[in-house]
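Please read the following report alongside the coordinates.

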Amino acid sequence: MEIKHSDTQAVEHSIKEILRHIGEVPERPGLVGTPDRMVRMFKEIFRGYNPEEAPKITTFRNGEDGVTYNGMVSDTGSFYSMCEHHCMPFFGSYWFAYIPHPNGKVIGLSKIARIVDYHSARLQVQERLVTDIIKAVEDALQDDYPPQGIALIMEGEHLCKTMRGVKKPGKMAACIFTGAFENAATRAEFMQFVQINKK
């Protein structure tokens, strides 16, 4: 996605108008370069709208390296996104797991982090974000033998709540469990992993 120079100038002009609206003077020394910096920042933090930035997701046939695995594969990490309601950041941690089919595909865990980053780099709500990530993993593992289950929990602090409005700290969690993770025992095993890895 290439941003045209004329479009960039229009966005910079709009940013200057917003600065004036809040009572600032865009021409003062500290703000002269701010519109340009913001345009470049938008390109970076909203890269999730650019298909060319989508992660290349490599998968492998389960067992092709001599090891067939059908246990739980888990990953955890951090995420940063922007709330679509007030354009303020929300950020936190995620906990992911899946159970590959013995005859299906497996995915490298580094790819999970890339999928999370890509879908987080948009204006989002946390409920959609977990859905987007699960769908991307399902699409990557699409096969005659789909994974036996996928689980994802994302817990984030929303600055639109902490800094404005009610001005109360607190975290929101959104989660999706599919397949085997709808089973109480399997979900309990995953939740144990979550508790152990909570920061």
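Does K167 count as buried or exposed, and at what relative accessibility? K167 counts as exposed because its relative accessibility is 54%, where exposed means over 50% relative accessible area, buried under 20% and partly exposed in between, with a 1.4 Å probe and protein chains only. This is a predicted model, in which local features need pLDDT of at least 70 and side-chain atom pairs count only at pLDDT 80 or more, while totals for chains, interfaces and linings use all residues. Residues are numbered from 1 along each chain as its sequence is written, and side-chain values use heavy atoms, with hydrogens and water left out.

Most residues other than glycine have a negative phi. K167, although not a glycine, has a positive phi of about 50°, and it lies in the loop between α5 (159-162) and β7 (171-177); helices (H or I, at least four residues) and strands (E, at least two) are DSSP runs, numbered from the N terminus. C87 likewise has a positive phi, near 55°, and is found in the loop between β2 (73-83) and β3 (89-99). At 46% relative accessibility, C87 counts as partly exposed.

## Strand β3 and its partners

β2 and β3 form a hairpin with five residues between them, and C87 is in the turn. The two strands pair in the antiparallel sense over ten bridges, pairing being assigned if DSSP finds at least two bridges between two strands. Within this pairing, S81 has F90 of β3 as its bridge partner.

β3 also pairs with strand β6 (residues 149-158), in the antiparallel sense and over ten bridges, with L152 in β6 as the bridge partner of F96.

The model has eight aromatic pairs, counted where the ring centres of Phe, Tyr or Trp (its six-membered ring) lie within 6.5 Å, with planes under 30 degrees apart taken as stacked, over 60 as edge-to-face and the rest as tilted. The rings of F177 and F190 form an edge-to-face pair, because their centres are 6.1 Å apart and their planes stand at 80°. This pair links distant parts of the chain, with F177 in strand β7 and F190 in helix α6 (residues 184-196), 13 residues apart. Both F177 and F190 are buried, and the relative accessibility of F190 is 0%.

The rings of F190 and F193 have their centres 6.1 Å apart and their planes at 35°, so this pair is tilted. F193 is buried as well, with a relative accessible area of 16%. Ring pairs link F177, F181, F190 and F193 into a cluster.
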